[in-house]
Amino acid sequence: MKSRFQVVMKTVLAAAAVTLFAGATGETVIHADNVKNETYDRVMKTDRMNWGVKGDTKLMGLMNIKSGKLEGFDVDMAKEVTKRINPDAKVEYTQITSGTRVPMLLNGNIDAIIATMSVTPDRQKVVDFSDPYFDAGQSIMVKSSSKYHNVKELNTPKARVLAVQGSTSIDEIKDFAPKAKVVGLQDYATALTALKAGQGDALTTDNGILYGMAAGSKNIEVRGGNFTNEPYGVAMQKKNPKLVKAVNKAIKDIKSDGTYAKMVQKWFGSVKGMDWKELTK
């Protein structure tokens, strides 16, 4: 999900520094690349590309406890994009959260982010994005026995809505249901547990994430359709136009050669309530 940042740009000595305030992450001074195309050149020289991906988001990026590997649509996209940028490059994955992904990118811990991250004007002040690679939209998930059927019905002081810190779910739900009490939690696993335990009336985030959490469950479901449009993009450090161009070309090629449709069907083809063919258009 996207995040509404309060961003203050500062100059520290001769290096470009960014002070980022994002949810629970606190104040962190982080330094972007100082040399143009530094990340791109490093990927091509070292034959390695390190991606920040989610580890708690079923269908998109989830740690498989049995295999010890990260898996999901974003994980597969990272692999395919890397292969098209540098066929010799080894793909590496670093598990991140909504709150830590941008600081880790700007600190140089990862080369790019592909982690259910929506393209927003506020974020574009801090990072550069690729063209959208996935169309998502914010929705709500509730218990099957819930009296709430859409976001409008949550607009009451009696409603308690759960969301994840570091994402714009909190800001968006306040716009659509300003009377509801919104509670920001650490991650999606914690939020889902809280919903099942009755500590909230609804959980809100992107529909793709919610469908992943609801998959296979008879007690929770996604309702009301999308109330926002949240296209996901690959995030990269600024000053890397070669990398942005290469990622955009890779995404275009993945979609045009049929690889994208196969990945969408693989991860979303059997998800109840999702039209995977619509995602490929």
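Colleague: Which residue just after α7 takes a positive phi?

Modeller: This is a predicted model. Just after helix α7, a positive phi of about 80° is taken by G216.

Colleague: Why is α7 described as largely enclosed by the rest of the structure?

Modeller: Helix α7 covers residues 207-214. Its buried residues are N207, G208, I209, L210, Y211, G212, M213 and A214.

Colleague: Which elements do the buried residues of α7 pack against?

Modeller: One helix is among the partners of these buried residues, namely α6 (188-196). The strands are β5 (56-57), β11 (138-143), β14 (202-206) and β15 (220-223).

Colleague: Are α2 and α9 roughly parallel or roughly antiparallel?

Modeller: Two packed helices are described by the angle between their axes and the distance between the axes. For α2 (residues 73-85) and α9 (residues 259-268), the axes lie 10 Å apart and the packing angle is about 160°. An angle over 145 degrees counts as roughly antiparallel. That angle therefore makes α2, relative to α9, roughly antiparallel.

Colleague: How do the residues of the contact of α2 with α9 divide by class?

Modeller: Helix α2 contributes F73, D76, M77, E80 and R84, while α9 contributes T259, Y260, M263, V264, K266, W267 and F268. By class, the residues of this contact divide into 7 nonpolar, 1 polar and 4 charged.

Colleague: Are α2 and α8 roughly parallel or roughly perpendicular to each other?

Modeller: The axis of α2 comes within 9 Å of the axis of α8 (residues 241-256), and the two cross at roughly 115°. The crossing is right-handed. The orientation of α2 and α8 is therefore roughly perpendicular.

Colleague: How many charged residues does the contact of α2 with α8 have?

Modeller: On the α2 side are M77, E80, V81, R84 and I85, which meet L243, A246, V247, A250, I251, D253 and I254 of α8. The contact has 9 nonpolar and no polar residues, and the charged residues number 3.

Colleague: Which element gives the largest share of the largest nonpolar core?

Modeller: The largest nonpolar core has 56 residues, of which F73, M77 and F268 touch the most other members. The largest share of this core is 7 residues, and these come from α8.

Colleague: Which residues does M77 touch, not counting residues up to four places away in sequence?

Modeller: M77 belongs to the α2 side of the contact with α8 and also to the α2 side of the contact with α9. With residues up to four places away in sequence left out, M77 touches I114, Y133, I251, I254, Y260 and M263.

Methods: Residues are numbered from 1 along each chain as its sequence is written. This is a predicted model: local features need pLDDT of at least 70, side-chain atom pairs count only at pLDDT 80 or more; totals for chains, interfaces and linings use all residues. Side-chain values use heavy atoms; hydrogens and water are left out. Buried means under 20% relative accessible area, exposed over 50%, partly exposed in between (1.4 Å probe, protein chains only). Helices (H or I, at least four residues) and strands (E, at least two) are DSSP runs, numbered from the N terminus. Contact means heavy atoms within 4.5 Å. Axes are lines fitted to C-alpha atoms, for helices over the stretch in contact, and angles run from 0 to 180 degrees between N-to-C directions. Angles under 35 degrees count as roughly parallel, over 145 as roughly antiparallel, 65 to 115 as roughly perpendicular and the rest as oblique. Ala, Val, Leu, Ile, Met, Phe, Trp, Tyr, Cys and Pro count as nonpolar, Asp, Glu, Lys and Arg as charged, and the others, Gly among them, as polar. A crossing is left-handed if the near helix is turned anticlockwise from the far one by less than a right angle, and right-handed if clockwise. A nonpolar core is a set of buried Ala, Val, Leu, Ile, Met, Phe, Trp, Tyr and Cys residues joined through side-chain atoms within 4.5 Å.
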